[in-house]
Amino acid sequence: MTFFNDKKTNLSRRNLLKGLGACAALPLLGGIFPKSALAQAISTALSQFPTLVPAQKGILTGAHWGAFEAIVEDGRMVRVQPVADDPAPNDLIDMAPFQVHAKNRIKYPMVRKSWLEHGPGAKPELRGADQWVRVSWEKAIELVAGEILRVQTDFGPQAIHAGSYGWKSVGMFHNSRTLLHRLMNLSGGFTGYAGDYSTGAAQVIMSHVMGSIEVYEQQTAWPNVVENAELVVLWGVNAQVTLKNSWNIPDHEGQAGFKALKEKGTRVISIDPIYNETAKLVGAEWIAPNAYTDVAMMLGVAHTLYTEQKHDQAFLDRYTVGFDKFLAYLLGKDDGQPKSAEWASSVCGVDAKVIRQLALDMAAKRTMIMAGWGMQRQQHGEQPNWMLVTLASMLGQIGLPGGGYGFSYHYSSGGSPTAKGGILAGISAGNAPKNSPAPIPVARIADCLANPGKTIDFNGRKVTYPDIKLVYVAGGNPFHHHQDTNNLLQAWRKPQTVIVHEPYWTATAKHADIVLPVTTSYERNDLEMGGDYSQRYVFPMHQCVPPQFEARNDFDIFSAIAAKLGVQEQYTEGKDEMLWLKQMYDGMAAQARGARVALPPFNMFWESNNYISFPIPEANRQWIRHADFRENPLLNPLGTPSGKIEIFSNTVAGMGYADCAGHPKWYEPKEWVKSEVATRYPLSLNTSHPTQRLHSQLDNTPLRDKFAIADREAIMIHPADAKARGIAQGDLVRAFNERGQILVGALLSEDVRQGVVRICEGAWYDPAKPGETGSICKNGNVNCLTFDEGSSSLAQGNCGHMAQLQIEKYTGPLLANTAHAVPANGCS
């Protein structure tokens with residue numbers, strides 16, 4: 001639990017001057033120094049910089065799953081070890097050598113045969129099933145640049161969708177998404193996207209309710225929570241899985257926080273259809289509602305608080321607006337139905353006595369509600385977060401030590417105390433040209449491709465879909481993260497050209513026209529922050545091995561394309577990889593100096609194979625979210641129109657959406673246990689994050705041996721549901737609904753509520769008949785079953801956590817899993 005015991009201090013002025021003097025004579029990048037002399041000079045000076053932490057034996061680098069040292073022998077990465085001060089090393093780092101030396105690496109630039117022979121738009125129905133042709137890099141660059149120029153000239157920037165949404169590899173410079181957007185901005189513009197798949201509904205509604213997106217904000221610091229919280233409610237949270245990874249390189253401090261709760265004996269309640277790993281770790285009490293009914297249960301808790309007079313009216317009066325309008329709905333004055341515990345029980349399937357007791361316990365104790373994101377990846381996904389904030393407001397503990405709510409304790413170690421130092425700034429995407437196209441909601445990409453000219457509502461405005469002719473993907477995998485894969489397969493045939501940068505033959509790469517092989521992060525140099533919220537570390541990401549086969553890094557690829565388009569000088573600004581990294585480091589070091597934290601010059605830092613660990617001020621260990629607002633809401637207003645928490649939003653109400661009113665409420669979803677569709681598909685789907693992957697990343701590694709059943713993605717089934725269908729542990733199962741069908745392996749467990757099944761997202765799409773809509777996915781890609789609709793007219797977020805389905809023991813012909821195979825003519 002390192003966030004409790006960090007004793008790092010700043011340098012004294014005397015040591016600072018001594019340290020800087022020791023390295024003043026070092027040449028830039030050590031270019032003219034012999035390695036031995038440079039190492040000796042660095043060794044002499046490093047003692048003056050206690051913020052530096054040395055590697056033990058390997059080459060420092062990192063990934064979304066942790067910082068580590070790579071052990072390289074004879075040009076191959078053979079193993080890794082975590083950095084010395086990682087409080088919860090992640091075994092996913094062991095897969096780095098398998099990432100570099102994967103059997104399904106894309107070795108050479110490849111072009112789909114029909115496209116190459118007949119030009120853009122040729123036989124799009126063969127995407128995913130066509131033959132491939134190897135071409136030279138010169139030819140590939142010429143083809144890509146020619147397509148960008150053609151589409152810009154003939155159709156305009158709105159016809160290019162440079163989405164590249166996804167968990168690109170870590171590294172502030174080699175940020176593939178930013179590098180692509182930089183090229184597109186310089187070459188005329190493009191249609192981008194708004195929002196994300198992770199929190200699409202929540203970030204929009206929270207901006208109206210709290211004046212901030214909340215879901216990516218720093219949380220009340222863990223030491224404060226552990227010290228002051230008497231009750232922690234985990235609402236749809238499985239942090240032991242999701243905290244393994246971070247957007248930047250993780251500091252893994254969140255795991256220490258949950259461990260501290262357990263050691264202290266803090267009471268924890270987990271509300272989730274699954275008794276998950278985190279609940280087991282902390283010994284939580286388990287409340288398992290019907291899937292997708294969280295809002296109804298929250299309303300039952302709120303009704304109890306009000307009718308038992310356990311709510312904090314003084315807090316509501318001073319810090320919120322619109323409670324009276326919400327109260328009319330809560331008491332049933334609007335629709336004749338009080339949202340009592342009994343009513344909530346009839347919806348969520350939790351006993352009314354349990355709901356009432358939960359309300360009384362939350363009111364009697366200092367309570368921190370930690371909420372996950374899965375419950376907002378549903379139809380009407382705006383409502384759970386809005387209702388949870390309303391519930392927290394009724395408890396009146398927002399801004400108090402250990403109390404209130406948090407939406408990021410399960411993500412990137414939210415609550416890990418913030419350090420004092422500098423922050424890296426990566427390469428910029430530059431400025432969009434004048435009259436650039438408006439972005440589309442990110443989760444509506446298939447709808448956009450399929451329906452050019454269609455107009456939809458989005459957060460108070462109208463969005464008209466452009467006619468997309470060119471899709472360019474770098475650092476993303478839409479055939480993993482997008483819902484209703486068969487619908488996407490149809491929409492994916494509409495563009496004339498699809499270009500993909502990838503290290504591996506993913507489903508997205510297989511459904512492209514031009515595929516360019518790119519390096520993994522271990523085959524290039526970069527810098528990255530460690531600790532998304534703590535901002536505690538700066539890690540060098542040293543190149544560990546040479547680029548494999550003909551792979552190139554994204555910067556070099558885009559620079560070559562920029563040269564063909566006549567904008568190379570603007571693109572590179574005359575700097576190569578190492579000069580960009582030096583510029584990034586120098587900017588960060590200047591900030592650190594302003595915070596009185598000294599760092600060595602870049603060349604010393606880079607050559608030393610050390611990383612930076614910034615000090616954490618004691619005050620930051622007790623930081624409380626919204627404490628300043630609570631102390632004085634007039635001087636510290638929220639970013640809402642009223643400056644307060646908007647339980648009723650005039651802005652949202654003024655939009656007039658039938659599916660998102662001016663206050664939180666229960667909307668019956670189109671698919672749930674009591675819907676009409678449940679008569680045919682009676683099981684409710686839970687699409688959790690995988691324990692041994694990051695979304696679809698690492699699915700092509702030996703980690704599959706830990707989770708695959710019958711060589712497929714696992715489906716967790718309650719024994720009673722399995723018995724009723726003649727399914728036994730380890731059986732091959734067909735899961736299906738009207739949208740698709742998949743093969744999965746049966747995992748029987750009483751840790752799932754009866755009537756609910758869990759399938760982790762991220763299995764690579766592997767249709768039995770490539771290119772054929774509706775073909776069974778042999779690897780268990782769950783998005784073949786989910787539906788592709790916006791959460792509401794407000795946010796247009798995705799509904800990836802929701803679907804009804806049926807299962808049966810599979811008795812069909814034996815189907816080999818080829819999800820990770822190289823296409824027959826893909827130069828294996």
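**Exercise 1. Which helix and which strand each supply at least two residues of the lining of the second largest cavity?**

Before we start: this is a predicted model, where local features need pLDDT of at least 70, side-chain atom pairs count only at pLDDT 80 or more, and totals for chains, interfaces and linings use all residues. Residues are numbered from 1 along each chain as its sequence is written, and side-chain values use heavy atoms, with hydrogens and water left out.

*Solution.* 
- Step 1: A cavity is a set of points on a 1 Å grid over the protein atoms alone where a 1.4 Å probe fits but cannot get out, and lining residues have an atom within 4 Å of a point.
- Step 2: Helices (H or I, at least four residues) and strands (E, at least two) are DSSP runs, numbered from the N terminus.
- Step 3: The helix is α9 (239-242) and the strand is β25 (683-686).

**Exercise 2. Describe the largest cavity.**

*Solution.* 
- Step 1: Its volume, the space filled by probe spheres set on grid points joined across faces, edges and corners, is about 850 Å³.
- Step 2: Among the 49 residues that line this cavity, Trp167, Asn477, His695, Ser696 and Gln697 are the closest to its centre.
- Step 3: Sort the lining by class, with Ala, Val, Leu, Ile, Met, Phe, Trp, Tyr, Cys and Pro as nonpolar, Asp, Glu, Lys and Arg as charged, and the others, Gly among them, as polar. You get 15 nonpolar, 28 polar and six charged residues.

**Exercise 3. Is Thr220 buried or exposed?**

*Solution.* 
- Step 1: Find Thr220 in the loop between α7 (200-209) and α8.
- Step 2: Its relative accessible area is 2%, so Thr220 is buried.
- Step 3: Look at its surroundings: leaving aside neighbours within four places in sequence, the contacts of Thr220 include Val225, Met368, Tyr409 and Trp623.
- Step 4: The Thr220 side chain also reaches the backbone nitrogen of Arg625 at 3.0 Å.

Terms used: 1 Å grid on protein atoms, 1.4 Å probe; cavity = no way out; pocket = protein on both sides within 12 Å on 5 of 7 lines; lining within 4 Å. Buried < 20%, exposed > 50% of the residue type's maximum accessible area, 1.4 Å probe, protein only. Polar contact = N/O pair within 3.5 Å; in protein donor to acceptor, adjacent residues only side chain to side chain. Contact = heavy atoms within 4.5 Å.
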